[in-house]
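Reader: I'm new to this one. Could you walk me through how its helices and core get their labels?

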Amino acid sequence: MRGAFMLDTRPTSAGDTLASAAALADEEVVERVLAGDVRLFEVLMRRYNQRVYRAARAVLRDDHEAEDAMQEAWVRAYANLASFAGRARFSTWLTRIVLNHAIERDRLRRRTFDATDAGDALPDVACSAEQQSIDVELRRALESAIGELPEVYRTTFVLRAVEGLSTAETAECQDVPEETVRTRLHRARELLRRDIETRFGLRLRECFGFGNERCDAVVAAVLARVAA
């Protein structure tokens, strides 16, 4: 059904359903995908689509760019799945892939803008005057404030405060010391306006949500590319 955030319950080649496979640890799912049960890759996508989207958007600050980046990141992850050695958590390994690709994409975009004298114009993410829901308007205002942070602070803030990663995992994803994460997070909070931080601090986990039709569309697009 369109818009439903549900796993396909048809049997996989291993006799399981995607719904039952959803209870497996990441490493077990990876092993089964590498063994030939490619459909189980969807389990990983459903599990981490929101994190991948948030990480990409933290760098790119644009919904469409972030969705394109996350598709490419998933395809790269699938293509390099055999190189996942389990030395880090799968989620950390995956987040590194999407961050690296988003940074590459952002640099290319900036070079293109420079070449055409378009400048570094960024998309307008301000609240729509037609937005009827106050909650949505407030969330958009907070997202806009976060989007104005310098990239180095914005990415750390989104991973640590919005996505809820630990300091250690955020540091591992960005390949920096934990103290650097703490410093960047502190600086990011200072740069956010005090009223936004005070009034909407409890709403951070709702920012940059990714699910329903958008999640379904990315899953379908990536699985189609993988199958091809």
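Author: A crossing is left-handed if the near helix is turned anticlockwise from the far one by less than a right angle, and right-handed if clockwise; α4 passes α11 in the right-handed way. This is a predicted model, where local features need pLDDT of at least 70, side-chain atom pairs count only at pLDDT 80 or more, and totals for chains, interfaces and linings use all residues. Residues are numbered from 1 along each chain, and side-chain values use heavy atoms, leaving out hydrogens and water.

Reader: Why are α4 and α11 called oblique to each other?

Author: The axes of α4 (residues 63-79) and α11 (residues 212-227) cross at roughly 40 degrees. Angles under 35 degrees count as roughly parallel, over 145 as roughly antiparallel, 65 to 115 as roughly perpendicular and the rest as oblique, so α4 and α11 are oblique.

Reader: What makes α7 and α9 roughly perpendicular?

Author: Helix α7 (residues 151-162) and helix α9 (residues 178-191) pack at about 100 degrees, their axes 8 Å apart. That angle falls in the 65 to 115 range, so α7 and α9 are roughly perpendicular.

Reader: What makes a set of residues a nonpolar core?

Author: Such a core is a set of buried (under 20% relative accessible area, 1.4 Å probe, protein chains only) Ala, Val, Leu, Ile, Met, Phe, Trp, Tyr and Cys residues joined through side-chain atoms within 4.5 Å. The largest one here has 57 residues, and W74, F90, I146, F157 and V222 have the most contacts inside it. Helix α3 (residues 41-60) gives the largest share of this core, 12 residues.

Definitions and conventions
Axes fitted to C-alpha atoms, helices over the stretch in contact; angles between N-to-C directions. Helix = DSSP H or I, 4+ residues; strand = E, 2+ residues; numbered from the N terminus. Buried < 20%, exposed > 50% of the residue type's maximum accessible area, 1.4 Å probe, protein only.
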